[in-house]
Amino acid sequence: MNTPPAPRGPDGATLSGLIVRIAERGDREAFTALFSHFAPRVKSYLLRLGAAPEAAEELAQETLLTVWRRAASFDPSRAAASTWIFTIARNLRIDLSRRDGRSPPVDDPSMMNDGPSRPDDALGAVEDEARILAAMARLPAEQAQVITLAFYADKPHSEIAGDLGLPLGTVKSRLRLAMARLRIALAEPPL
Amino acid sequence: MSASHHPAEALLVDYASGALRGGGRMVLSSHLMACPACRDSIARFEAVGGALLSALPPATLHKDALALALARIERPVPPAPATTGPIAGWITTPADVVRAARDRRRWAAPGVWVASVTRGPGRASTYLLGVAAGMTVPRHTHRGAEMVCVLKGAYVDDDVRHAPGDFAFNDDSVDHRPGITAEGDCVCLVFTEAPLVPRDWVGRLFQPLVGI
Ligand SMILES: [Zn+2]
């Protein structure tokens, strides 16, 4: 848990470039490469969160279909491809869990185009991913555990506290410390 | 205009991971739309989610998954649902909130209107609360968590002013009697895990009327 494997397959810049090619010219070859990389990982993520295999497969399909349709709204200087696709999968999952019908994730303020931008550093968002994974691997086990439960087990911090038998304040401070370390890692000079 | 009361970082993590759903997510969304600083934090937490997604071992797809995807991208794009513009004078909110304000507003007491946005899970309730200038919401406490985002106007709670975009999280340790400032009417989006517990007879009288 504490040492997630490094991402395999195409590097971040290549993956971002694939989305840009889809946006610019509806490039089906780029879509094929992107699908082959991300669809199995999105399915894997959904299975971790407890989705049934069929539902996970369908949501992975929906996620990549949304990538195709919304590619023009992707800004490679603000988010890594993996981050953008993560938010799409997350939003679809939330929409699916709503009882009162489904609606596309149009309301998500995190989709507003003003993430942490660094105009002088177009590759920043891409490099971030490697730094985050490296920083995750260096986190104390107790901090890595709460981050892992938050993102891989779909648990709000109140539930994490209940499951681990910890006071709420302890879980909140572990999350805060972990995020502070990740923030510092992101501010470090390039690897 | 930028907010001066923000959610705890753990709540932002819940938002980024997707664990925060329903009404609580709507209240936090409303704050995020008004708060670049918290949007920036969310973007970083989402980058953690993205990195963790990348690090997962790929699952096996159906053998015809790619062929199916390539066929689906050729299909026409379904029309986008009608967009609901923001309400003049309010900060931007999720579309569900705008619809509730337009379709489900009802007077609950003189100077007070409510509009139910969504109910559940369990006894949770999400509603808009509009209160006229100078009115005071009765003293009450909470059985569970309450999240509030000011959409318009301002209220003062324990001498602290909450203005548009400001976020508040109250739990059962809070026993308060917010007053609404006299600058004009105040509208809040409120999520409660359980009905409020009124603390005095005015509150008990008031609660059935408002239905919150
Ligand atoms: Zn904020």
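Residues are numbered from 1 along each chain as written, and chains are lettered from A in the order written. In this predicted model local features need pLDDT of at least 70, side-chain atom pairs count only at pLDDT 80 or more, and totals for interfaces use all residues, while side-chain values use heavy atoms without hydrogens or water.

**Exercise 1.** Describe the extent of the contact between domain 1 and domain 2 of chain A.

*Solution.* Start with the bounds, which come from an automatic or database domain assignment: domain 1 spans 15-111 and domain 2 spans 119-187. Next, list the contacts (heavy atoms within 4.5 Å): 12 residues of domain 1 touch eight residues of domain 2. Then take the buried area, the accessible area (1.4 Å probe) lost on putting the two parts together, summed over both. This comes to about 780 Å², with carbon and sulfur atoms giving 56%. Finally, Arg48(A), Leu49(A) and Ala80(A) supply 44% of the area that domain 1 buries against domain 2, more than any other three residues.

**Exercise 2.** Find the salt bridge count between the domains, then say which helix gives the most to the domain 1 side.

*Solution.* A salt bridge needs a side-chain nitrogen of Lys or Arg within 4 Å of a carboxyl oxygen of Asp or Glu. The count between the domains is one. The side chains of Arg93(A) and Asp154(A) form a salt bridge at 3.2 Å, N to O. Now turn to the helices (DSSP runs of H or I, at least four residues, numbered from the N terminus). H2 (28-48) and H4 (81-97) of chain A each supply at least two residues of the domain 1 side that touches domain 2. H4(A) gives the most, with three residues.
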